[in-house]
Amino acid sequence: MPRRTRTRNNWFFLLLAIVLLYLLPLSAIARPFVLVLSQDDLIDAPPSTTEDDSSSEWDEFGDSNTKPEDLDPGSWRPIFEPTAADPAAASVYENEEEEALFYSGITNMVSSVSSGEPRLVEEAASEIEASASGGYPHAQSALGFLYNSGMTREWNRAKAFMYHYFAAKGGNMQSKMVLAYTYSRQDMYDKAVKLYAELAEVAVNSFLISKDSPVIEPVRIHNGAEENKEALRKSRGEEDEDFQILEYQAQKGNAGAMYKIGIFYYFGLRGVRRDHAKALSWFLKAVEKGEPRSMELLGEIYARGAGVERNYTKAFEWLKLASRQQLYSAYNGMGYLYVKGYGVEKKNYTKIDFMVSSCYIGFQAKEYFEKAADNDEAGGHYNLGVMYLKGIGVKQDGVKRDVKLACKYFILAANAGQPKAFYQLAKMFHTGVGLKKNLPMATALYKLVAERGPWSSLSRWALEAYLKGDVGKAFFLYSRMAELGYEVAQSNAAWILDKYGERSMCMGESGFCSDAERHLRAHSLWWQASEQGNEHAALLIGDAYYYGRGTEKDYDRAAEAYMHAKSQSNAQAMFNLGYMHEHGQGLPFDLHLAKRYYDQALEIDPAAKLPVTLALSSLWVRKNYANSFLVDVIDSLPEVYPKVEAWVENVIMEEGNATILTLFVCLLTVLYLRERQRRHAVAGEAALPQQPNDLVAPVVAN
């Protein structure tokens with residue numbers, strides 16, 4: 001049997017393999033992202049004897065305090081998560097007039113969409129516009145959003161783009177997300193990739209240094225036609241029964257429960273309001289009981305200065321304690337701090353001593369990363385990839401950089417779901433280093449990473465509002481997030497419009513949206529979501545064109561949308577395509593293709609048995625009685641059914657008529673039951689045996 005080696009030549013087994021990289025969780029509505037690598041994607045680059053000093057891959061959270069407000073300037077966080085300890089929250093209204101107007105406008109806007117007062121919404125928009133006129137970039141970003149959504153301003157994409165452009169130039173990250181998404185929709189990948197690269201780098205700066213940051217995916221508040229009750233139940237934060245049970249266990253001394261509670265507060269998971277102070281308290285309680293994962297998180301907290309004063313020495317000590325408990329991911333943090341020189345003693349070296357020391361530090365960091373990688377830690381694979389890509393601490397036989405080996409490690413890490421590895425693969429596709437240059441692929445990978453940036457907090461605030469019954473605020477926040485290109489937010493905002501109608505507090509140019517405006521806005525949002533793989537959205541777009549909801553009837557475009565949903569194995573879309581083939585609407589009249597689509601719908605969804613059976617019966621009638629009155633009856637059903645439905649709703653279900661009908665049905669039921677009881681009694685009497693009049697004593701033989 002051949003012996004397994006760990007040389008860089010082993011990576012060639014990946015050349016022809018299909019690598020599935022799942023960054024988004026599998027759901028019934030949106031498909032996972034799939035990356036396919038082939039021989040053509042890989043570049044045969046020989047190892048290099050020089051280091052790559054073009055950039056520092058180790059400045060993942062920099063030397064300054066990279067708090068969320070630093071990574072996402074102009075964030076609405078001070079409004080939704082105000083804390084006394086947050087300097088940004090304390091200084092919001094103490095800066096120049098434009099900033100004060102901006103935050104006042106956003107605060108009033110959020111409040112007024114909750115209460116549903118158009119006049120107050122307009123006043124808030126005027127404050128934002130005044131701030132934007134003064135050149136404040138974050139107000140320009142908000143004003144661009146108002147023009148893009150047609151909220152209190154005319155719907156004008158040209159003006160929206162202009163304001164977002166200047167806001168992005170002024171450093172607003174959310175406007176950069178809007179521009180990147182706009183460019184990508186127009187296949188302008190040369191522009192989109194640059195913006196998404198910058199945004200993805202900012203997102204990576206917010207990730208943890210040792211373990212993978214938990215994926216805080218936006219919650220889909222619906223599962224098609226109905227509310228996603230199970231997902232919403234798990235997102236009720238401190239009110240959730242599971243959370244309360246976990247908290248009770250933590251209070252009783254369960255170290256594992258303490259750690260989980262700390263994680264919920266540190267990251268703001270499952271609807272829990274983010275609170276670093278509470279997280280730190282629970283982690284400290286857990287480490288008293290020897291909980292190693294809490295030791296690792298304390299190392300992260302001190303390395304970042306999250307809720308405490310930054311202290312790299314303490315960070316290294318906590319990570320070291322965690323590694324001694326065989327928590328191998330802690331080696332990633334230790335290697336990171338080592339290669340950066342954080343938490344280790346610094347001396348005044350001569351130039352030669354410094355070079356020797358740098359080599360030692362690099363090799364020591366590599367040793368830590370190898371310990372993590374040897375124990376299947378994705379972060380270890382990623383960090384080794386960076387070491388080989390940059391030529392840090394890996395010099396061997398005169399070779400420093402090895403892009404091939406770096407690519408191998410990045411693929412291994414990405415296949416395990418390491419988001420930083422997606423970022424590195426995106427850079428390779430972007431620059432053509434290690435992988436063949438592919439701007440659409442680079443754009444898609446950068447976007448997946450960028451959507452994990454600090455601006456994703458919008459989803460958490462929107463969900464919190466929705467769970468509290470504040471549909472107006474939830475719709476407002478989901479709409480802002482939808483503009484940034486989040487498919488889940490586009491889907492949620494569109495669903496709220498369709499589900500809640502006037503209660504969505506949809507605001508137009510002057511007052512509340514009309515029914516037509518809501519349909520048009522929902523149509524636009526569903527269309528954007530369908531472009532990003534949402535099969536239910538594509539189905540609704542098809543319905544909109546088929547029935548003329550919010551747009552003119554167009555069977556051709558309806559068929560196109562159903563085809564898009566069908567390509568994602570949607571049973572309803574297949575049924576609809578069969579129906580359109582059966583009736584020659586938007587598709588050629590073809591009973592054979594109609595039957596094929598009906599059969600496929602049943603194969604995918606067994607619950608479709610009844611409608612498919614009826615549809616196949618209709619096909620049988622058309623085939624065998626093509627010109628009979630039966631076909632005319634079948635064709636008239638779509639016109640008759642709405643009339644019957646309307647008659648039932650307007651006549652039968654009218655309150656007074658419904659009451660009389662109910663009493664009449666009850667009377668008939670009583671009479672029927674009494675008659676049935678009488679008949680049973682008569683039948684019972686008839687079945688009784690005849691009794692003799694005289695009793696004869698038995699004869700006893702002598």
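Trainee: How many of the residues of α23 are buried?

Mentor: In α23, 12 of its 13 residues are buried, so call the helix mostly covered. Buried means under 20% relative accessible area, exposed means over 50%, and partly exposed is in between, using a 1.4 Å probe and protein chains only. The helix names come from DSSP runs numbered from the N terminus: helices are H or I runs of at least four residues, strands are E runs of at least two.

Trainee: Before we go on, what kind of model is this?

Mentor: This is a predicted model, where local features need pLDDT of at least 70 and side-chain atom pairs count only at pLDDT 80 or more, while totals for chains, interfaces and linings use all residues. Residues are numbered from 1 along each chain as its sequence is written, and side-chain values use heavy atoms, with hydrogens and water left out.

Trainee: Okay, back to α23. What span does the helix have?

Mentor: Helix α23 covers residues 471-483 and reaches 18 Å from its first C-alpha to its last, close to the 18 Å expected. The expected span is 1.5 Å times one less than the number of residues. After α23 comes Gly-485, with a positive phi near 105°.

Trainee: Which side chain meets Glu-483 in a salt bridge?

Mentor: Arg-480 does, at 3.0 Å from N to O. A salt bridge here is a side-chain nitrogen of Lys or Arg within 4 Å of a carboxyl oxygen of Asp or Glu. Both Glu-483 and Arg-480 are buried.

Trainee: And how far apart are they along α23?

Mentor: Glu-483 and Arg-480 are three residues apart, so about one helical turn separates them. In general, an α-helix has 3.6 residues a turn, so residues three or four places apart point the same way.

Trainee: What about α22, how many of its residues are buried?

Mentor: Nine of its 11 residues, so α22 (residues 457-467) is mostly covered too. Among the buried ones are Trp-461, Leu-463 and Tyr-466.

Trainee: Which helices do those buried residues pack against?

Mentor: The buried residues of α22 pack against α2, α8, α10, α12, α23 and α24. A contact means heavy atoms within 4.5 Å. Just after α22, Gly-469 takes a positive phi of about 85°.

Trainee: Which residue forms a salt bridge with Glu-464?

Mentor: Lys-468, with the closest N and O atoms 3.4 Å apart. Glu-464 is partly exposed because its relative accessibility is 22%, whereas Lys-468 is exposed at 65%.

Trainee: How many salt bridges does the structure hold?

Mentor: The structure holds 17. One of them joins Glu-198 and Lys-176, whose closest N and O atoms are 2.4 Å apart. Glu-198 lies in helix α9 and Lys-176 in helix α8, so the pair ties together parts that are 22 residues apart in sequence. Glu-198 is partly exposed at 33% relative accessibility, and Lys-176 is buried at 9%. There is also a network of salt bridges linking Glu-122, Glu-129 and Arg-153.

Trainee: New topic! Which cysteines form a disulfide?

Mentor: Cys-506 and Cys-513, with their sulfur atoms 2.2 Å apart. The rule is a pair of cysteine sulfur atoms within 2.5 Å, and by that rule the count comes to one disulfide. The link of Cys-506 and Cys-513 is left-handed, with -60° about the S-S bond.

Trainee: Are those two buried or exposed?

Mentor: Cys-506 counts as buried at 3% relative accessibility, and Cys-513 is buried at 6%.

Trainee: Last one: how many helices and strands does the protein have?

Mentor: The protein has 32 helices and zero strands. Of its 702 residues, 49% count as buried. Among contacts between residues at least 6 apart in sequence, 61% join residues at least 24 apart.
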